[in-house]
Amino acid sequence: MRIAKEKKSIPSFFIMTAGFLLFWEWLRPLGQVTDTGHIPLLVLYAALCFLVSFFIQNGLWKFIIKGLSLLFILDYLFLPGIFLSSESIQFISQELSYNLSAVWDSQWYLMTPPFFRSLLFLMVLWLMSYLLHYWFLVANKFFLFVVLTIMYLAVLDTFTSYEAEIAIVRTFAISFIALGLSRFMKFREQGVEVEIQKYSILKWIIPIIGGVLVTASIGIFAPKLAPHNGPILFRLFKVKRIMWDSGIRFKR
């Protein structure tokens, strides 16, 4: 019972919200660096999965709510006819039969892009909500996902046209606050109840927010080197092309 109580505490809700905001940073660049569409709808489904994972303890109800929401999205985007009509059920069965046989034969290029790939992506969002819920609230491991998010944004900012300056600042601020709350919850799990009760959650979080504002302001307004003119890979290919046209060759 103590674990369930911890999961529904105010600090744990803020940690789960911070986890969703960090995961949102993974979804923002998809519309720019890929041909993925309907990003707001995907974000809405991810938010629903996070809320269901936090507030509902029964695994069967979690499965029903997330599964029906997934079907509603697919019906809104792709399915013909009325929701779960004979026409839509026949369409789903045909798509699943064809694409699963292509996956079984390792013929990935034969998968139909609109329906089946969207289904797989929604299932990934479903699984990520479960995984991040476990990392943040059960295992209390927040730092790894923070590092992965910063690396992800840095790679996109370096090698693609996506500009992640503001995204990295947002990630830093959210992560700093969430790590402080995670430390607060770890104190509670270790039984430091007497010392924690002397301070409210506001007295714990206000110094963290102040530190975030100060460090973020320094990072934004401090002098920095001039940015490069484009993604590094593009510049390397351009240099190689110029050297090739000039007759310069590298010896192996």
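Select Arg170 to begin: with a relative accessibility of 29%, Arg170 counts as partly exposed, a class lying between buried (under 20% relative accessible area) and exposed (over 50%), computed with a 1.4 Å probe and protein chains only. The model is a predicted one, in which local features need pLDDT of at least 70 and side-chain atom pairs count only at pLDDT 80 or more, while totals for chains, interfaces and linings use all residues. Residues are numbered from 1 along each chain as its sequence is written, and side-chain values use heavy atoms, with hydrogens and water left out.

**The charged network**

Arg170 forms a salt bridge with Glu25, their closest N and O atoms lying 2.8 Å apart. This pair connects distant parts of the chain, for Arg170 belongs to helix α9 (residues 165-189) and Glu25 to helix α2 (residues 10-27), 145 residues apart. A salt bridge here is a side-chain nitrogen of Lys or Arg within 4 Å of a carboxyl oxygen of Asp or Glu; helices are DSSP runs of H or I with at least four residues, numbered from the N terminus. Side chains of opposite charge can pair when their charged atoms come close.

Is Glu25 buried or exposed? Glu25 has a relative accessible area of 2% and is therefore buried. Next, display Arg28, which forms a salt bridge with Glu25 at 3.5 Å between the closest N and O atoms. Arg28 is partly exposed, at 35% relative accessibility. The structure holds 2 salt bridges, and through shared partners Glu25, Arg28 and Arg170 are joined into one network.

Remain on helix α9 and select Ser175. Ser175 is buried, with a relative accessible area of 3%. Residues up to four places away in sequence aside, Ser175 touches Leu22, Phe142 and Val146, where contact means heavy atoms within 4.5 Å.

Centre the view on Leu122: not counting residues up to four places away in sequence, Leu122 touches Leu42, Tyr45, Leu70, Ile73 and Leu74.

**The surface of helix α5**

Select Leu60, which lies in helix α5 (residues 59-77). Leu60 is exposed, at 55% relative accessibility. Phe63, also in helix α5, is exposed with a relative accessible area of 53%.

Finish at Lys62 in helix α5. A polar atom of the Lys62 side chain lies 3.3 Å from the backbone oxygen of Ile56. Neighbours within four places in sequence aside, Lys62 is in contact with Val52, Ser53, Ile56 and Gln57.

Key:
Helices (H or I, at least four residues) and strands (E, at least two) are DSSP runs, numbered from the N terminus. A polar contact is a pair of N or O atoms within 3.5 Å; within protein, one must be able to donate a hydrogen and the other to accept it, and residues adjacent in sequence count only if both atoms are side-chain atoms.
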